Amino acid sequence: MAQTQTVERHTIAVLVDNEPGILARVVGLFSGRGYNIESLTVAEVDAAERLSRITVVTSGTPMVIEQIKAQLSRLVPVHKVSDLTVEGPHIERELILVKVAGTGEKRVESLRIADVFRARVVDSTIESFVFEVTGSTEKLDAFINLMRPLGLVDVSRTGVVAIARGPKPL
Amino acid sequence: MADQPMTGSEVILKALVDQGVEVIFGYPGGAVLPLYDAMFKQNSLRHILVRQEGGAVHAAEGYARSTGKVGVVLVTSGPGATNAVTGLTDALMDSIPIVCLTGQVPTHLIGNDAFQEADTTGITRPCTKHNYLVKDPKDLARVMHEAFYVARSGRPGPVVIDLPKDILVGAASYVPPERVKHRSYKPQVKGDLRKIEAAVEMMMKAKRPVFYCGGGVVNSGPAASKLLGQLVHLTGFPCTLTLMGLGAFPASDPQFLGMLGMHGTYEANLAMHGADLLINVGARFDDRVTGRLNAFSPNSKKIHIDIDQSSINKNVAVDLPIVGDAGHVLEDLIKVWKAKQPKIDQKAHKAWWTQIDQWRARDCLKYKPGKDVIKPQYALQRLYEAIKDRDHYITTEVGQHQMWAAQYLKFEEPNRWMTSGGLGTMGYGLPAAMGVQIAHPKALVIDVAGEASILMNIQEMSTIAQYRLPVKVFILNNEYMGMVRQWQELLHGGRYSESYMESLPDFVKLAEAFGAVGLRASKPDELDGVIKEMLATDKAVIADILVDKTENCFPMIPSGAAHNDMLLGPGDESGKPADKSVSEEGMVLV
């Protein structure tokens, strides 16, 4: 029944108490029950209230996605679970740092493409650049693919953070 | 106000007393010595010294399930905590409220592979409802009160509090329970009234309805079982119960169909299969209940009432979910039903009951009586005849005897039946019986056991001796791991790989070694005498009942089969699937 349903990708925001072990609780829930994690980010968002926000991108059939949300909701330190994918328009962003090493024409070309992507050069040597780019997952994938033949040697990316459009908070 | 200087240990004990705790099941060790020292100086808490930490958790489960209170466990760090893991998992699966205090090495040693150190919160995270590591004494009182709130509210479950030794000896201040409010955990208790009205609409229109109820009704408290009885009688619908729900509706009631599921009754399973409306109250569509999912109750609309949102649409997609406590939702259902004064389709209902009576007439629990050998079913029937008029509690181990006990003993009230359902923990019954007996010193407490399971926690006979608990152990001894043997017979060509219990102890002598009374019956005509003597003895008894070694537990839905593919007995072909063998897919299922 569930197997024949199509797999969907969802971005879920979770507001949690910032306490030791909370990330292990969430990650353990996903691994223990066989759910996918495509991306996961976490950081404190309200120091006074000791609240952290976890953004998790996951995929599964609608029944599995519903389960994931219900399972997250029943973790004791979870305040709120919000499925941004179904709850209306939202913005998703990632940040990457990309190191490209090389000289000559390739080096010039990498700078040209970086400009198109509105990337910033945050470190530079005679034979390398580190670019900082923000954007959607697809845009960053495209940037990385373009840099590959131009001397890409290292990538570090944050994973997706997301927020709903409009005036309402989570 | 209440902030007088106290040690961490004193704060813990005061919190336990303020939470209404009377009994702790535990085992001391290095990391918890300060707590045991503080306990030595007080009289409000009774400590029961078990013989292995696993026994402590099962005892607390028995205590909790027979009283509705939170069971409390105290163990030391490292092996104390790891031994408790099976019991914690058991309590999680069966939704039993437990608070388990574990010792831990001092905070400055955590992470150093210190003596008897284990990452207890790491190990117990997936097998508890929640857990805490207390690293700051100012959190201690709050964590204690929160743990009790989390353990008993919503869907109950086990909570671990890991207590480093320096927290136990250092100064800490006390906060009374009233001043502790949980920041995020607020379970939904009342059901959505519009959905409850929609449920009543569906019930009014149903032609072949069935109530399918489980442990959630028992966990909601005895009032919920009363309300369930009212609603079932008001509607006139049939009612079946899961293994965990037995007692939530009286077994003697004519509207009761018996237990459903893999070893449930023919009438219960066929009613599930043929129904046009399932009203699930506090059950979770467990795989032992549903059988093959794509053939499960194929033509019914499904209402699912559960306090745990994550139980809904997990295994079976339902038409109307109602999140809430069974008791509250049942109360509202009754109100709405009465207000609507529904006219149900009498003709259809009569036809439904006629159909059910035909299924009942198959008498699926009948078995061939033994002339020279005691049939296990017969042993339980005779036991029930002897105890039915006495105030009694039953625990079981896990296996054939457990299923037979569920089939042949009748439960009229909730909280009388303690069994390991979800996890299927062999060795549960003896310590659980101990916990029940502690809670109900005057009552008759019987552990229906198998000779294999009982050996898994036999050391607790020593605890039973220490506290002079008159627990009765009724062993259905077939010299096999019966359920393993049954599956090997049905699924693995009769290759009895490692399921024969060689070198069993002499249970009569074993009983005597533990200061209990040992009895044995090997012939049908000895059975009643042994049961009588067991019940007349006011101390612990092990009754070793030598039963038919080859008897199998029927009815049975083979793995991967549907409810209407039941096997009714050894010679039964009627319910077998056409190819008469279990599918590959079914073999993979356990």
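Modeller: Read along the sequence, the pattern of chain A is β-α-β-β-α-β-β-α-β-β-α-β-β. Helices here are DSSP runs of H or I with at least four residues, strands are E runs of at least two, and both are numbered from the N terminus. This is a predicted model, so to speak of a local feature we need pLDDT of at least 70, and side-chain atom pairs count only at pLDDT 80 or more, while totals for chains, interfaces and linings use all residues. Residues are numbered from 1 along each chain as its sequence is written, chains are lettered from A and ligands numbered from 1 in the order in which they are written, and side-chain values use heavy atoms, with hydrogens and water left out.

Biologist: How many helices and strands does chain A have?

Modeller: Four helices and nine strands. The C-alpha atoms of chain A fill a box of roughly 55 × 45 × 35 Å along the principal axes.

Biologist: What share of chain A counts as buried?

Modeller: Buried means under 20% relative accessible area, exposed means over 50%, and partly exposed is in between, using a 1.4 Å probe and protein chains only. In chain A, 41% of the 170 residues count as buried. For contacts, the rule is heavy atoms within 4.5 Å. Take the contacts in chain A between residues at least 6 apart in sequence: 71% of them join residues at least 24 apart.

Biologist: Let's move to chain B. Why is strand E4 of chain B described as largely enclosed?

Modeller: Five of the five residues of E4(B), residues 71–75, are buried, so the rest of the structure largely encloses it. Both faces are covered: B:Gly71, B:Val73 and B:Val75 are buried on one side, and B:Val72 and B:Leu74 on the other.

Biologist: Which strands pair with E4(B)?

Modeller: Two strands pair if DSSP finds at least two bridges between them. Strand E2 of chain B (residues 23–26) pairs with E4(B) in the parallel sense over two bridges, and there B:Phe25 has B:Val73 as its bridge partner. Strand E5 of chain B (residues 98–104) also pairs with E4(B) in the parallel sense, over five bridges. In that pairing, B:Leu74 has B:Leu101 as its bridge partner.

Biologist: What comes in the loop between E4 and helix H4 of chain B?

Modeller: Among the residues there are B:Thr76 and B:Ser77. B:Thr76 is buried because its relative accessible area is 4%, and B:Ser77 counts as buried at 1%.

Biologist: What lies close to their side-chain polar atoms?

Modeller: A polar contact is a pair of N or O atoms within 3.5 Å; within protein, one must be able to donate a hydrogen and the other to accept it, and residues adjacent in sequence count only if both atoms are side-chain atoms. For B:Thr76, a side-chain polar atom lies 3.4 Å from the backbone nitrogen of B:Ala31. For B:Ser77, a side-chain polar atom lies 2.7 Å from the backbone oxygen of B:Gln116. Not counting residues up to four places away in sequence, B:Ser77 touches B:Ala31, B:Gly103, B:Gln104, B:Val105 and B:Gln116.

Biologist: Which peptide bond is cis?

Modeller: The bond from B:Phe554 to B:Pro555, with omega near -5 degrees. B:Pro555 is in the loop between strand E20 and helix H23 of chain B.
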